[in-house]
Amino acid sequence: MAAVDFSTLPQQLVTGLLIGAIYALVALGYTMVYGVLKLINFAHGEVFMLGAYATLFISWSLGYTPANSLTNGSWGALALMLVGSMAVCGIIGALIERLAYRPMRSQARISSLITAIGVSLLLQYGGQIFLLEGKPQNVDPKVSPVYSQDPIKGNFSVHLRPADPKLIEAANALKGQMESTKAAFDAASKGKDAFNLPDDVKKLRSSAQDAERAYNDASGKADNSAIDVNLPKGQVIMLGTTLVLMAALTYLVLYTKQGRAMRAVSQDFDAAALMGINVNSIITFTFVLGSALAGAGAMMAATFQSGTKIDTFFGVLPGLKAFVAAVFGGIGNIPGAVLGGLLMGIAENLVIWAGFPGYKDAIAFVVLIAVLMFRPGGLLGSNKVEKV
Amino acid sequence: MKFWGVRAVSIVAAFLLCFVLEKASRGLDSFTQQLIVFMGLYVTLAVSLNLINGITGQFSIGHAAFYQVGAYTSAYLGITLFPKFHGNLFVWLLLMSIAGGVTAAIAGFVVGLPSLRLKGDYLAIVTLGFGEIVRIVIQNQKALGESGGMDVKPHTTEQPVMFVALLAVLCIAVCRNLLKTAHGLPFLAVREDEVASSAMGVNVTATKVIAFTLGSAFAGAAGAVYANSLGAINPDLFRSDLSILVLSMVVLGGTGSITGSALAAIALFYIPEKMRDITDVRLSLILGGLLAVGLGVSAIRYVTNHVHKAPLVRAGLYLASIVGGVIIAEIFAAGLGKVPALAGNVAGAKLRLVVSAVVLIVLMLVRPQGVFAHHEFSWSWVARLFGRKAPTTEVAA
């Protein structure tokens, strides 16, 4: 178990926030569908997965193939991938709603839930047959114009605190000692059999090793005393896009006719229908909207988190975590989903920071159980008492 | 007197079945024997999940966690204690499954507690989360082999067919007796209406926790046998897919029907296992098949909802919709086969969970109560089958 190191905390918090933005986008889909239908859309994670595949195929058709990739990124390609992924996901969401969920609407809620699980399984395992035989692939990160392997070019760096000059001095002092002992050892061991040294030379070697260890310790301490935060440029763009999408969603829900109809349907199905709202088309619209947001999240997760491999189980964990985020913030509550998503990403990175990377995926469920036990309505939701 | 006679016939028939299975499997190769063992384990898992899901109505999709707890208990005890054990392997297996059952029951008790406050889809997601937590925690324990898993002592070449058959029979018997006696009524009452049953004096809390504890104890015992039969276990064997497969068995059989769960477990284990033997399925045929399922389902739903004719006519229409779907699918597949992108083949093994998924969806669309609904196997039904007019008794559940 690694020791808790406060100098890396700001970096981990920021990384968590960036990942949390994606969870927030996916959580919005869960929360909107739950708000309208009271259904946990288990297939939402799979919509996310299909969005990532859509992104991958679009990037390939634009020439960023693994075999022969273009080297220059382009903003146009990124925009096309985002819009394409959102469109594909929107259509898939509408299809799932129409073919699987709508016929179940009159049945008990548990039947819809089982159907949702079935759809999710079908997309995971059926996808393995048709989508590149399920072999993991990644989107070429070079498609992004700001991508660079070089940490200085590819990152925005913020220096929160420079390295402590005293520690640097101490390290430099040790450096001289290390070099002199090393030189002494090199001189003494010259021309001798490395595996069969006389005792005095062995002593020199161990003192050289000690000096080196002391220097490494001191320079490590000096490095750690500086607090830097590195933001990959791609992920900053991702956060920006997420904020824009969320603002658009807020506008849509609060200030348009469709949004008002959506809110009405989520309050009361029948009353909304009596007021002349076409409930079916509003539900389809909700699915399209939620799935398109998942598609945007998938595009960004696949493109900007370099090294992410896409397979048909790509959406399982993000889906579950986003669901937990939605519950955390208060399911059915749009700002709650965003808050929950961001907190979820941060919580996950705190677990890594605290030295338990193996438990990264478990924290979501621990949070879920804790929330449901102690505040079932979520952070921003209301605790409704069930009436009989 | 008649009651005891029927009961004796049941018990003798159950033991006879175990004995016949044991004798019949002796001549087979060890792979087939292992398949029989797995089949028995799936029956145990499905029937025990049915106790939680179907009979008590607590929708749980974390059954693999209890199975895993049992398996790891057995594996860990095997490494630490087996060298000191001098006795029959059957006795060892019995001890292990009791130990696995007890640890899993404790885990089940812990999961049962949140179920007091949650219901429906929230409970489902909590049990799913619990399953993941158990898997991740075990995956991070040095003593339990981390993600590499553990070697299970003792190494036996002999598969415990008899033991598994007895375990499955025991599980079925416990569930059946629970249902048919006054002790089982609270479980059904909780499923039907929690508020009403608590008003009638049912201890809802105790009932739910007992259901979880008992169901997970059987899963744990099955897990212990699984570990010994397999010889080596790792956390990947207990992913949530397994929970969902067992859930599909319960749903297919009919939530609440023990007979249904047991038969569905056999079917959903046997069919995908057979599919491993099919090495190439045409891609176009898969698409055609999906289309056929879709068309058949919509036709059947149409007949169910809109055609009000004599039962025979309706049965004919159902048959026609299935046949029609298959014919259209064949034509569609033949057409698609000409598309170069869809000319390839897929191994049947890859389709195994696809079948599970399609079963779940189709069942929910066509017959949400499951194949057997709440019906059970009974001797009077057998008697009627042979033309004897037996007195019809009320079916519990």
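Between chain A and chain B of this predicted model, four residue pairs are in polar contact, with both members of each pair at pLDDT 80 or more. Across the interface of these two chains, by contrast, zero salt bridges are found. Helix H4 (109-130), helix H12 (316-329) and helix H14 (363-374) of chain A each contribute at least two residues to the side of chain A that touches chain B, and the largest share of that side, 16 residues, is supplied by H4(A). Sorted by class, the side of chain A that touches chain B comprises 30 nonpolar, seven polar and five charged residues.

The extent of the interface was computed both by residue and by area. In terms of residues, 42 residues of chain A are in contact with 42 residues of chain B. The area buried between chain A and chain B amounts to about 3,800 Å², and carbon and sulfur atoms give 79% of it. Of the area that chain A buries against chain B, 16% is supplied by A:Ile114, A:Tyr125 and A:Ile129, which is more than any other three residues supply.

Within chain B, helix H9 (residues 204-230) packs against helix H7 (residues 185-192) at an angle of about 105 degrees, the two axes lying 10 Å apart; H7(B) and H9(B) are therefore roughly perpendicular to each other, since angles of 65 to 115 degrees are classed in this way. On the H7(B) side the residues involved are B:Pro186, B:Phe187 and B:Val190, and these meet B:Val204, B:Thr207, B:Lys208, B:Ile210 and B:Ala211 in H9(B). By class, this contact of H7(B) with H9(B) has six nonpolar residues, one polar residue and one charged residue.

H9(B) also packs with helix H6 (residues 161-180) of chain B, in this case at an angle of about 175 degrees and with the axes 11 Å apart, so that H6(B) and H9(B) are roughly antiparallel to each other. The contact of H6(B) with H9(B) has twelve nonpolar residues, with no polar and no charged residues.

Over all chains, the structure holds ten salt bridges. In chain A, a salt bridge is formed between A:Arg213 and A:Asp210, whose closest N and O atoms are 3.4 Å apart. Both A:Arg213 and A:Asp210 belong to helix H7 (residues 199-225) of chain A, where they are three residues apart, about one turn of the helix.

Definitions and conventions. Residues numbered from 1 in each chain as written. Chains lettered and ligands numbered in written order. Predicted model: local features only at pLDDT ≥ 70, side-chain atom pairs only at ≥ 80, totals over all residues. Heavy atoms only, no water. Contact = heavy atoms within 4.5 Å. Buried area = accessible area lost by both parts, 1.4 Å probe. Salt bridge = Lys/Arg side-chain N within 4 Å of Asp/Glu carboxyl O. Polar contact = N/O pair within 3.5 Å; in protein donor to acceptor, adjacent residues only side chain to side chain. Helix = DSSP H or I, 4+ residues; strand = E, 2+ residues; numbered from the N terminus. Nonpolar A, V, L, I, M, F, W, Y, C, P; charged D, E, K, R; others polar. Axes fitted to C-alpha atoms, helices over the stretch in contact; angles between N-to-C directions. Parallel < 35°, antiparallel > 145°, perpendicular 65-115°, else oblique.
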